[in-house]
Amino acid sequence: MSTKATTTNPEDALTDARKLRKRALGFALDWAIVYYFLHASMYLYLVFWGSQTIRGWNWYKNDPYTAFFNPLRLPSWGWWLILFGTLGVVVLIRTFGRSLGQRAFGLSLQARSGSVNLVKRCIRILVWPMGVILAPIQLAIPALRHGVFTHGLLHDRISGTSIRHYVHPSGTPYKRFWKTQWGIVAVALLSLTLFLGWIIIDADLGILIGRVDEARNVFLEIVHPDFTHFTTPDPIFYQRAYPQMFSIVNLMLLTVLMALAATILGAAFAFPLSFLGARNLMCQSRIGWWIYSVTRGFFNLFRSIETLIWVIVFAVWIGYGNPFAGVMALVIHTIAALGKLYSEQVEGIDSGPMEAILACGGSKLQVIRYAVIPQIIPSFLAFTLYRWDINVRMATIIALVGGGGIGDLLFHYRRTGDWAQVGAVVIAMVVVVWTLDYISGRVREKIA
Amino acid sequence: MSEPYLIIEGLTKVYERGQVVALKDVSFSVDKGEFLVIIGLSGSGKSTLLRCINRLVEPTAGHIFVNGVDVTTLSSGQMRKMRRKMGMIFQHFNLINRSTVLTNVLSGRLGYTPTWRSLLGLFSRTDREMAFRNLKRVGLEDKAYARADELSGGQQQRVGIARALMQDPDLLLTDEPVSALDPATSHSVMQYLEQMNREDGVTVLASLHFLSLARRYGTRILALKDGEIVFDGLPTEIDEKKFREIYGEEAEEVEVR
């Protein structure tokens, strides 16, 4: 009977190293939470009641940003107090059985026989430092190492308790999240962080009200748009590296075309690459695994660099304000983003048809053509349309760093303080983006 | 008939994850023209056995001779050629749902079609004619341009049969062809398989769940339990005692009429 019970424990499927790692990570999480609360409360104490001044400057009160990220000014023994204090608190919390760190990794403190009582808890707290100090020695000596995994560390053995996989007793109901330890601590962490953030970033609602008059003038001008250059080209572009005359309508069309070209080009590259980045197609051989990893790595790397940063690169390379630079940046980001989305779709397909094509004597390419592509075409189209949406919105602002498009006019008028013209450009942008958004949304609904 | 058509010697399959032994040293042989039914509980290794024969699953040890050729030693290119003559029919049909019935049936011809032509979807006139002939044979010629997922389960399985017929197979591997179908449809599908076996001389290996179907259609029955052969003989030889041996003490026979 007992053997059966142990085999159903998922803990046993794990290797010993992973068990220890789970314990260590749970401990680290507990410690991080405790330390965060301590640091935050000491910081808040110093901000509100501290009177330490350096050359007449109380930097906790006057410079809260620097004060939070610089070490707390403590007496020399203070750091030792924090170190051992938090450590002690963490050990104490963990001895009570189900700390947050233990819960996060599905562990709990269990007695090897009987229940975890006060005596065992006290022994565990007392012997804990010794057990941890001796743990590296236990692990280093092969003869003792086996004992560590079967009987636990020193404090486990002496106190007769161990941290093991937690199995929720059947029949007992689960609590609502906000009534659990996690719920309470999560709410506390969130509100504390919001409060700290408020102080550190020096948020001041007074500014919003105090400067309302200045803002009102600008807003009034924006909502009375000046459509002078709506269809009549504005000559400002003569002075630029890309000397042509554009009206708002010209540039809006150009922007939509930029987005369209970038999406088509990006999708054309992403489509074949997505098969190389699909685990289920590639990971049957070692070389396939390498291709998969490189492709996925490329997707992730190029996607994590935002389009605006790619624009900076291509604006230098191709020319500041040249729409081609913007298109190139959009293409690069589109390939990476669509490639990843496509690959995930390929990974999610039903493998049955692939099996059927293979069983007919089909080759790898035939499997892709007949079993994979028919399954993914609708979602590919939906993703591509969605990406076009994103690209149109992106194309309206890439001019900020030299990518060309409607943003060129927008930022020019903003620089010259011509708010009425800014209003006209913004209205044109909103209308176009909203329309395309609506159309692509409807089309996507139809496809999916 | 000096040598059997299919010889399996010491076939073993161990799935690496979790070290599950699906087949343990299985050996048997099948003559040309036999209708061999494989029975056994779920997880007894029926599907693995069938998939080892066309190497959709790579055997861990053992040899499989099809028509004198050891398929376990073939390169992937040679294996593709070999698979052309082995039809396969699946429990869940494995059709390409979004494609037409015709495309599904034609895909049975992929092994014979040059890759570049098939990538463009160009099948030869003879292939197309053959496809219509086979659709007619399974009674679906009027559904040729319907989408595969618009058909009923029985119709889908008949498309699967037509696809296998396109291969002009010598050996047909059918993995629980009727377990997703209702009893009446099951018989119609089984009758197509029987027809292929009797009229075209195709050797059929079919895994089935219902013993009544196995008795009705099989010329020989092979029973697997935990990856080992526990019975190999004529359908009439399976009595109550044998049945309990294969399916366990608790089992009771369910009949499909």
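User: A crossing is left-handed if the near helix is turned anticlockwise from the far one by less than a right angle, and right-handed if clockwise. Which hand has the crossing of H5(B) and H6(B)?

Analyst: This is a predicted model: local features need pLDDT of at least 70, side-chain atom pairs count only at 80 or more, and totals for chains, interfaces and linings use all residues. Residues are numbered from 1 along each chain as written; chains are lettered from A and ligands numbered from 1 in written order. Helices (H or I, at least four residues) and strands (E, at least two) are DSSP runs numbered from the N terminus. H5(B) and H6(B) cross with a hand that is right-handed.

User: At what angle do H5(B) and H6(B) pack?

Analyst: H5 spans residues 125–137 of chain B, and H6 spans 153–166. Their axes (lines fitted to C-alpha atoms over the stretch in contact; angles run 0 to 180 degrees between N-to-C directions) lie 9 Å apart. The angle is about 135 degrees.

User: Which residues of H6(B) make the contact?

Analyst: Contact means C-beta atoms, placed from the backbone, within 7 Å. H5(B) brings B:Met130, B:Ala131, B:Asn134, B:Leu135 and B:Arg137. From H6(B) come B:Ala162, B:Leu165 and B:Met166.

User: Which strands are at the edges of the open sheet in chain B?

Analyst: Four strands run in the order S2-S1-S4-S5, with antiparallel pairing (at least two DSSP bridges per pair). Seven bridges join S1 (residues 6–15) to S2(B). B:Ile7 faces B:Ser29 in S2(B). Pairing on one side only are S2 (20–30) and S5 (69–70).

User: How many residues of chain A are in contact with chain B?

Analyst: Chain B contributes 22 residues. On chain A, the count is 18.

Methods
Contact = placed C-beta atoms within 7 Å.
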